[in-house]
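Here is a friendly briefing to read alongside the coordinates. Please keep the viewer open as you go.

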Amino acid sequence: MGEVAIRYVGGPTAVVDICGFRLVTDPTFDAPGDYPIGDRKLVKTAGPAVEADETGAVDAVLLSHDQHPDNLDESGRAYLARVPLVLSTAAARGRLGDAVTALPNWETYELGERLRITGVPALHGPAGAEALTGEVTGFVLHGDAVPTVYVSGDNASLDHVRAVAERFGPVDVAVLFAGAARTPLFDGAPLTLTSEAAAEAAQILGARHVVPLHFEHWGHFSEGADTLTEAFAAAGLGERLRLLKPGATFTD
């Protein structure tokens with residue numbers, strides 16, 4: 001079984017080394033500040049621990065969605081131009097053009113001879129959210145003698161997690177976008193996994209390791225490192241949680 005290493009950059013951004021390839025999730029490298037979205041704004045409270053130029057040569061970006069600045073900011077958009085492959089939603093391809101390769105749910109892109117990347121469902125909020133929050137995707141990295149890694153993207157649906165587990169579980173590493181993001185949309189219902197739901201997702205997936213992303217560095221997160229630690233401990237899964245400091249790396 002090959003090795004996987006995940007370096008936490010900040011927010012939803014991580015550098016994933018697997019099977020000789022380097023991937024980046026949802027590139028965000030902008031400075032702290034206010035970022036408009038429609039008639040609202042999102043507030044970024046901390047910059048990246050790793051600058052764009054420090055990621056090294058990257059083979060692909062796994063872009064859960066492009067329509068929100070906390071998942072793809074201005075620096076992230078510029079970053080896409082230097083990467084040979086960007087996998088994302090059909091909606092992202094429609095907005096960003098040929099720089100993006102659309103990866104529909106359950107379809108697979110083969111990166112080299114060993115690594116496969118499969119698009120999987122994600123729902124950015126409660127049932128019916130897609131009409132307002134837009135199309136979002138997750139990813140599963142897998143292959144022969146390759147660790148199975150699930151990258152949730154901005155997903156709040158445990159039903160989608162169950163569908164992933166049915167096809168790919170148990171997984172070696174679950175990269176879960178948590179933080180229970182809340183905005184005035186849907187009366188403040190969580191748009192991403194709560195800490196309790198993240199622990200349940202880990203159980204559903206049978207994940208040996210869980211690396212949370214996207215639970216800090218933005219003002220709209222209602223839960224963070226402390227609640228993740230508490231929820232995983234309460235579920236008896238504390239030993240599976242790999243809560244990284246920005247810039248740190250998990251290796252399995």
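The notes below cover a cavity, a strand and its neighbours, and some charged pairs. Please bear in mind that this is a predicted model.

**Cavity**
- The count comes to one cavity of 30 Å³ or more, and the largest cavity holds about 50 Å³ of space.
- Its lining includes Gly10, Gly11, Thr28 and Lys44, along with His217 and Trp218.
- By class, three nonpolar, five polar and one charged residues line the largest cavity.

**Strand E14 and its partners**
- Five of the five residues in strand E14 (residues 209-213) are buried.
- His209, Val211 and Leu213 point one way from E14, while Val210 and Pro212 point the other way.
- Strand E13 (residues 173-177) runs parallel to E14, joined by five bridges, and Ala174 stands opposite Val210.
- Together with helix H5 (residues 195-205), E13 and E14 make a right-handed β-α-β unit.

**Salt bridges**
- There are 12 salt bridges in the structure.
- Asp73 and Lys44 meet in one of them, at 3.9 Å from N to O; Asp73 sits in the loop between strand E6 and helix H1, and Lys44 in strand E5, 29 residues apart.
- Asp73 counts as buried because its relative accessibility is 2%, and Lys44 counts as buried at 5%.
- Arg208 pairs with Asp172, with the closest N and O atoms 3.1 Å apart; Arg208 lies in the loop between H5 and E14 and Asp172 in the loop between helix H4 and E13, so the pair ties together parts 36 residues apart in sequence.
- Arg208 is partly exposed at 41% relative accessible area, whereas Asp172 is buried at 14%.

Terms used: Residues numbered from 1 in each chain as written. Predicted model: local features only at pLDDT ≥ 70, side-chain atom pairs only at ≥ 80, totals over all residues. Heavy atoms only, no water. 1 Å grid on protein atoms, 1.4 Å probe; cavity = no way out; pocket = protein on both sides within 12 Å on 5 of 7 lines; lining within 4 Å. Points joined across faces, edges and corners; volume = space filled by probe spheres on them. Nonpolar A, V, L, I, M, F, W, Y, C, P; charged D, E, K, R; others polar. Buried < 20%, exposed > 50% of the residue type's maximum accessible area, 1.4 Å probe, protein only. Helix = DSSP H or I, 4+ residues; strand = E, 2+ residues; numbered from the N terminus. Pairing = 2+ DSSP bridges. Right-handed = clockwise from strand over helix to strand, strands pointing away. Salt bridge = Lys/Arg side-chain N within 4 Å of Asp/Glu carboxyl O.
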